[in-house]
Amino acid sequence: MNFSFYDFTGFTQSIDQALKASMSPFWAVTIELVLVGVSILAFYALLGLFLVYWERKVCAMMQNRLGPNRVGPRGFLQTIADLIKLLLKELIFIKNADKLLFNIAPFIVIIASFMAIAAIPFAKGLHAMDFDIGIFYILAVSSLGVVGILIGGWSSNNKYSLIGAMRSGAQIVSYELSVGLTLLSVVVLAGTMQLSEIVESQRDAWWIMKGHIPVWIAFVIFLIASTAETNRGPFDLAEAESELTAGFHTEYSGIKFAFFFLAEYMNMFIVASMATTVFLGGWMPLHFWGLTGFNEIMDFIPPFIWFFAKVFFVIFVMMWFKWTFPRLRIDQLLQLEWKYLLPLSLVNLLIIAFIAMMGWHF
Amino acid sequence: MIENREILLNDPNSERYLVNMGPQHPSTHGVLRLVVGIKGETVDSVQPHCGYIHRGIEKMCEHITYPQIIHLTDRMDYLSAHQNNHAVCLAVENALGVQVPERVQYIRTIMDELSRIASHQLWWATFGMDLGALTTFFYGLRDREKILDIFEESTGSRFLQSYYTPGGLMKDIHPDFQKHVKEFLVYFRKLLPEYDQLLTGNVIYRARSINMGLLSKEDAINYGVTGPSGRGSGFSCDVRKHKPYGVYHKAEFNEILRTEGDVHARYMVHMDEMRESMKIIEQLIDNIPAGDFIAKMKPVIKLPAGEYWQSVETARGELGVYIVSDGNKNPYRMKFRSPNLSNLGVLEKLSIGHKIADLIAIGGSMDYIIPDIDR
């Protein structure tokens, strides 16, 4: 087994060969699927817990507070204690709620985010599924989540939930366009939709450095639109605590509420890793043209550390938004998308297509 | 009225529906119930239902003595506890013709202004939260703590101080009072610009507040909207200026008036009033004369038969105290003209045609304290 922090291809291949050598191909593939599934599940749960903890620490830092600091070292076990609490809590069923839809909604939300995470390249070779239409797949799968939110809000038989769900539907459908168009602009430059190849195309420098100002504009629009797509502040109209108590998940309790909660954080991780993969070079280290010594030092840091550092930086920026800005109103939210972001990203895409056609990018 | 609305609701062709906001709702800061008629996201009627925290304070006052009444007034507008005390004390003192020592008047004025700042800080904190900016809540409370510490030091209590008593104060100020107040002024002058940086200049905040919930000067006068909400519409209603009490006539300060009458105008009145209050305290804090902290009073206070009225400017508007006495040690009838009830009356007029989110912002800008509405 040849294990390396820099290239996981050999590691995964040797597992594959070892399995195929000892049993029939069918069982080898089945066991591989189970292995991948279990590791993604474990990763998902741990990362979700960590993100919740981290959000609380970041928000405490911005609000002159300490945040969780009692359970475990530096409050690290606080989220685990919270999870246990949520698991043990009673699941409340609403009398006139639509039972089937009410129960199925949290699963739709969480499965959508779960499926998206499978296509994200964490490091070289550390990649569950490498589609040739990776970006398209992630866009398609991550927009499934809104179906769960709509169903959950509608079936709870609560006016606040209904208003929250309808807001969320309008919001995600609108902002999907900007997200798609801005991702498309890098697809035009890289000439591929496969995530591993997009990362590979940024070996000498990230797209944000290579693509002139239009890619910066695309990056900023992507950050705004994806924050809106994950229903986070200042675009958290679907929850809008001060208006709609808890919006679409008002009536959910216990672990079903935790599913919505966890899915929100994982969606944040997914859009942050999309921003990283597409704009910030994925797991590629920071390179500058000509600085050979600097580049070699950067190469020394393992790729997955680069990936997570960038992802957490983007997530930090999104948390920063949430804890600084007031919430937008629904008509202002739609105005921002349809009147400003969408035309801007359309024009931007045209400019980028022109740049790509003339070969002006680096 | 309600039945008509429910018929409307049951009409299958109507897209209207009713939403109960409150009595338990995060944005009402208490137990106010608003029955809101909504078409899509647009508000088309708002019916406030009061009474969920009605404790019958006015009736209770008829059975207790005047020094005891002070303690009940704390529980009306709990953020303006000092000013509420002040109103009753002034009414009783004027009725008896007692001249309170000048030291008491200075301390009362300073305490009133401190609690006005504390109240506006809390208002700013919760108003930001109503708009969805959660960080303001902690910034506001952080600075309010300093004032509560000063209160605790001198009055023994942080929240419901009951510090004033007919004829003077319960006890003298703490020896460090002046020093700590001056320290606070230096501290808060440095931190007030932070409030502006966080919220006032924010693009989203401005889009949410400018031209929202317009209240004309005529409506402000007709509905009796006083305090920052009235002054935001250009209604000059500051009791401190028009009928000075305490030592307000010795301090130089401006009555903050704005003419726009929208949410942002009310916001700016609050922000500027904090600066004016600091100005008043700065002028008075070094000049507190020596002397007694209470005038010589009879052990049992009995007001001569008659009717008495006294109004003061609380953090939310004009608080009037109306006492009818039949010569006994307790009033025959006591009536409080609380600013919040009048301010609540105008809410429906302000919010019709706006979105749900604006209803919350408008309600927040009017600065409602529910126990003061219900008493």
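Is Leu90(B) buried or exposed, and how many other C-beta atoms lie within 10 Å? In this predicted model, Leu90(B) is buried, because 21 other C-beta atoms lie within 10 Å and a residue counts as buried at 20 or more. Leu90(B) belongs to helix H4 of chain B, which covers residues 81-96. Leaving aside residues up to four places away in sequence, Leu90(B) touches Tyr245(B), Gln310(B) and Val312(B). Val321(B) is 231 residues from Leu90(B) in sequence, yet the two lie 9.4 Å apart in space, C-alpha to C-alpha.

**Contact between the chains**

Chain A gives 21 residues to the contact and chain B gives 26 residues. On the side of chain B that touches chain A, the elements below each supply at least two residues. The residues of that side comprise 14 nonpolar, 6 polar and 6 charged.

| Element of chain B | Residues |
|---|---|
| Strand S1 | 16-21 |
| Helix H5 | 102-130 |
| Helix H6 | 135-155 |
| Helix H8 | 203-209 |
| Helix H15 | 356-366 |

**A helix pair in chain A**

Helix H1 (residues 9-22) of chain A packs against helix H2 (residues 25-62) of chain A at an angle of about 140°, and their axes are 8 Å apart. H1(A) and H2(A) are therefore oblique to each other. The crossing of H1(A) past H2(A) is right-handed. From H1(A), Asp16(A), Leu19(A) and Lys20(A) meet Pro25(A), Ala28(A), Ile31(A) and Glu32(A) of H2(A). This contact of H1(A) with H2(A) has 4 nonpolar and 3 charged residues, and no polar ones.

How values were computed:
Residues numbered from 1 in each chain as written. Chains lettered and ligands numbered in written order. Predicted model: local features only at pLDDT ≥ 70, side-chain atom pairs only at ≥ 80, totals over all residues. Contact = placed C-beta atoms within 7 Å. Helix = DSSP H or I, 4+ residues; strand = E, 2+ residues; numbered from the N terminus. Nonpolar A, V, L, I, M, F, W, Y, C, P; charged D, E, K, R; others polar. Buried ≥ 20, exposed ≤ 12 C-beta atoms within 10 Å, placed from the backbone. Axes fitted to C-alpha atoms, helices over the stretch in contact; angles between N-to-C directions. Parallel < 35°, antiparallel > 145°, perpendicular 65-115°, else oblique. Left-handed = near helix turned anticlockwise from the far one by under 90°.
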